[in-house]
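Here is a short briefing on how one protein chain packs together.

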Amino acid sequence: MSDLAKLFSTIARIATVFSVSSVCALLLSASTAIAGSKSFEGMIEVTVDDREFEGRPLAWDEEVVHLLGRDGRFLSFDPKKVKEFRQTGQQFRPYSTSKIRSMLLRELGSGFEVTGTSHYMVAHRKGQRDKWAERFEDLYRSFVRYFSVRGFKLEEPSFPLIAVVCRNQNEFMRLTAEQGVPVGRGILGFYSLKSNRITLFDRGENGSMSHGWQTTGSTIIHEATHQLAFNTGINSRYSPPPLWVAEGLATLFEAPGVYDSSAYRSRDDRINRVRFTDFKKIPRTKNGELPIALVASDGLFHSRPDISYAESWAMTFYLVETQPRRFMKYLKKTVGHRPFTKCASKQRIKDFTSVFGTDWRMFDAQFMRYMNELE
Ligand SMILES: [Zn+2]
């Protein structure tokens with residue numbers, strides 16, 4: 001028995017597979033993981049295929065080990081391929097920002113430089129003044145303010161929030177494919193749960209950040225919101241929430257009154273017009289079938305993404321506008337589950353009904369009354 005096997009055998013195992021998916025980046029970066037029933041607080045260093053990884057084991061079994069790297073990435077490898085292994089610390093310690101910066105530059109090559117702000121590290125074309133880092137930092141402040149005034153205390157991110165601005169679309173498509181996330185030409189950016197990074201590409205002057213978020217479309221804000229939610233305790237990367245919650249929040253922030261509430265103050269500004277238009281086209285019954293379907297399962301996102309995104313936005317908007325404290329209480333339930341275990345449908349429903357009640361018909365009636373009064 002190898003040392004690694006000895007280490008793992010000291011910790012009880014369960015093997016539960018979970019998957020995360022959606023039509024935006026969360027779908028494209030869908031992955032499965034296997035659960036360890038206990039956590040391992042220390043750090044290990046392993047050599048696999050002549051590459052060294054260091055981090056905290058999050059989940060493992062005989063076939064795969066998932067490690068939280070010291071730079072914030074999830075790394076997965078076959079434990080049978082481990083050549084060397086040693087424990088390097090009793091506690092997990094993320095790398096310093098200067099170390100992450102040098103790793104990022106080595107990975108991307110000499111054509112890049114990195115601009116840092118309080119929370120972000122943005123890799124971009126060398127010699128070009130970065131337009132993104134401050135914008136992301138503005139979004140960070142809006143995000144914190146938005147949740148603070150609604151009674152939700154956010155955590156400071158454990159790692160720098162990394163964004164890679166590719167120099168052109170071809171580079172973007174190559175980098176995303178290398179991460180196992182091949183994207184089509186219509187995709188402008190994505191957040192990966194696995195790398196914890198946003199990847200996007202420079203669209204030249206017309207699509208640049210010099211004119212603010214509105215010229216880049218809502219995609220980048222959507223992806224940046226996922227990154228913020230998964231790094232500040234709103235959502236958990238180890239036990240991702242129901243998709244309607246993750247996508248509801250990301251679509252909520254696509255509206256100017258949410259991502260920039262100090263400049264756009266009315267409720268009208270907080271309405272996501274694109275999603276609202278889609279929402280009004282959804283045929284409905286009176287028994288709350290749609291909210292139940294999204295709360296119980298992510299299945300509708302695969303079969304009817306158009307309906308799922310619009311309904312998720314509308315439910316999130318309704319709950320945040322009318323009962324923010326309850327909604328925050330519900331969010332806390334969704335992050336509180338055991339890491340790397342699949343949250344069963346029954347549990348998902350219980351999380352919801354324990355906060356919003358069990359009368360789905362009434363929930364749907366009140367929800368629809370509110371939405372029908374919007375213009
Ligand atoms: Zn999304």
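Which residues of the largest nonpolar core touch the most other members? They are Val-122, Phe-136, Ala-163, Val-165, Leu-200, Leu-249 and Leu-252, in a core of 70 residues. Please keep in mind that this is a predicted model, where local features need pLDDT of at least 70 and side-chain atom pairs count only at pLDDT 80 or more, while totals for chains, interfaces and linings use all residues. Residues are numbered from 1 along each chain as its sequence is written.

**Cores**
- A nonpolar core is a set of buried Ala, Val, Leu, Ile, Met, Phe, Trp, Tyr and Cys residues joined through C-beta atoms within 7 Å.
- Buried means that 20 or more other C-beta atoms lie within 10 Å of a residue's own, with C-beta atoms placed from the backbone.
- In the 70-residue core, helix α13 (residues 305–322) gives the most, with 9 residues.
- A second, separate core has 9 residues, including Leu-58 and Tyr-238.

**Helix packing**
- Helix α7 (residues 243–252) packs with α13 at an angle of about 75°, the axes being 8 Å apart (lines fitted to C-alpha atoms over the stretch in contact, with angles from 0 to 180 degrees between N-to-C directions).
- The two helices, α7 and α13, are therefore roughly perpendicular (65 to 115 degrees).

**Whole chain**
- Of its 375 residues, 39% are buried.

Technical notes: Buried ≥ 20, exposed ≤ 12 C-beta atoms within 10 Å, placed from the backbone. Helix = DSSP H or I, 4+ residues; strand = E, 2+ residues; numbered from the N terminus. Parallel < 35°, antiparallel > 145°, perpendicular 65-115°, else oblique.
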